[in-house]
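Subject: Structure for your review

Dear colleague,

Please find the structure below, handed over for your records.

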Amino acid sequence: MNRTHLELTGVGIEFPTPKGSFRALQNVNLKIEQGEFVSLIGHSGCGKSTVLNIVAGLHQATEGGVLLNGREVNEPGPERAVVFQNHSLLPWLTSYQNVELAVKQVFKGQKSKAEMKEWIEHNLELVHMTHAMHKRPDEISGGMKQRVGIARALAMEPTVLLMDEPFGALDALTRAHLQDSLMEIQKDLNNTVIMITHDVDEAVLLSDRIVMMTNGPAATVGEILHVDLERPRDRLALADDPQYNHYRSQVLSFLYEKQRKVEPMSPKKKADSSKTVAKSSPNETGKKSVEVA
Amino acid sequence: MNPSISQTKSAGWLSKFTQDRSLAEIFSQTAKNLSLPLIGMLVFLMIWSMAAPRVVTSLGQFPGPAQVWSQLEGLVVEHQESRAKETAFYERQEKRNADRVAKDPTYVPKIRDYTGKPTFFDQIGTSLITVLAGFSVATLIAVPLGIVIGLSSPLYTAANPLIQLFKPVSPLAWLPLVTMVVSAVYVSDDPLVSKSFLTSMITVTLCSLWPTLINTAVGVAAIPQDLKNVSHVLRLNWLTHVIKIVLPSSIPMVFTGLRLSLGIAWMVLIAAEMLAQNPGLGKFVWDEFQNGSSSSLGRIMVAVIVIGLIGYLLDRTMLLIQRWASWDKTAVLR
């Protein structure tokens, strides 16, 4: 049942700026199937978030368009729930109330009060947050906030789950933990997921396909990598898996060779510039997970 | 050395030490909190009582703290006497009416209000009611308007010049206009409230609504884009968006505006009452000034202190309401 579920055709967008219009995206084409997990990866400022926002309906494409199950997307809606980078929980509501706001909005008139309560608690349970559901965001940790953000998105029963660097602001351990949770949830619910990430390991571990984007302006889809690793995937077993490392190196080579970001530095000789690049990112290469700044 | 052993050994001693220290700290902190303002007050009273006799006016010496205190006592006595007179008046009237009804059962008793001069404390009451009425009306206008303006940047751009134009207008400039308009428009045989009350109240409203309006608009306009996106994705309707997201998010700014507004309202009211001869503390001050007796300056000084004290209490009350209304109980409010 490989039917096209979500389709981006010739998507381009221009933003007006004081210096004239700025073309962020050009001719982005992408077909996504039901239940597929797709990652968008690319350097900062390449327009990954813009793609996601267009799918979410928060931005309007200047040309081209997005079809979801054959219908054009032109405004935001709960069937395309977004997990925001900074959790975006309402700070004056408890975890439960944050999810409740979404559930009340989406299932108004469809679920009874008791059913809603059950559904809210069920979603909080999915992300293992029932123990702190009556705490406000400032009383729980960053990872927990992101869990609640995911629960809120899942509670809308979205056709497509959009995640904008959902684990970007978390420490490595919490991130790994949440990635495992996400894989579990996705296995159960079989949602279609589009996730933006900076993290090469995260992309390979979670995705069915990795969409690598070229640098902006006028960014577009550079390469698409199919990740044919069997699920469930285990991060420890995969660490020494040659296939996994092959995928990983393909993404890295795209990012650091084909699409190396030309940083505006002091003009130096070409021989020097490779050195400065290496120097400028000692942390990234030192970390276990390679990030693209 | 094994740190865990040394820790358990020292634990009892340490807790005792911290307990003692915290007690001592609390004591010294309280002493500091109390003593410094007290010293400040004493120094002020000293300078006042030394400087006052050197200032000689046509109404005698400028009153020192002692004279002001005795004037305050005088005002209290005056108030009590006036109340006693009032009670006596009503008792007499009741008795008279009862007598006449007893003589002639068809007689319909007339009840007249006591028409004695309002005392200092009556004037305080009048002023408080006026300021709260004016401030409430200002709030009812400014908060909804601020939300609407803050949500729409074209509206904000359109309204901003007007706000900036009217904000710095002195109450004394509004007063003649308000007085004339009220006299012309508010015509009623059986008025619910007096014209003077309405004039003072509207002047207070006109002058005090601006800080709330501006702060609400700015607070609403500063809602993080993330939260607006949440609202968009959920397709919240306008009212739900305002209630669930806009209001809680802008509450700190709204209250900053409300506190500024209340402060201005109180200052404006006293000036308006003085100028328009409308009942209230301002009129008390003006009457004493016109009266020109040897006790006038002392009585005005009492009014000055009371006005300051009430202004302070109004601000504290607002702060308490803000604490109650704010979702973020950890925020430091001062």
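The contact is formed by 15 residues from chain A and 13 residues from chain B. Please bear in mind that this is a predicted model. On the side of chain B that touches chain A, helix H7 (225-233) and helix H8 (238-276) of chain B each supply at least two residues. H7(B) gives the most to that side, with six residues. Sorted by class, the side of chain B that touches chain A comprises eight nonpolar, three charged and two polar residues.

I turn next to the sheet in chain A. Six strands make up an open sheet in the order E6-E7-E8-E3-E9-E10 (chain A), and their pairing is mixed. Strand E6 (80-83) and strand E10 (221-226) of chain A stand at the edges with a single partner strand each, so one side of each is left without a neighbour in the sheet. From one strand to the next, the twist averages 20 degrees.

A:Met213 has A:Val221, in E10(A), as its bridge partner.

Two helices of chain A lie across strands of this sheet. Helix H4 (residues 142-155) of chain A lies across E6 and strand E7 (160-164) of chain A, and runs at about 180 degrees to E6(A). Helix H8 (residues 242-258) of chain A lies across strand E3 (37-41), E9 and E10 of chain A, and runs at about 175 degrees to E10(A).

With kind regards

Methods
Residues numbered from 1 in each chain as written. Chains lettered and ligands numbered in written order. Predicted model: local features only at pLDDT ≥ 70, side-chain atom pairs only at ≥ 80, totals over all residues. Contact = placed C-beta atoms within 7 Å. Helix = DSSP H or I, 4+ residues; strand = E, 2+ residues; numbered from the N terminus. Nonpolar A, V, L, I, M, F, W, Y, C, P; charged D, E, K, R; others polar. Pairing = 2+ DSSP bridges. Axes fitted to C-alpha atoms, helices over the stretch in contact; angles between N-to-C directions.
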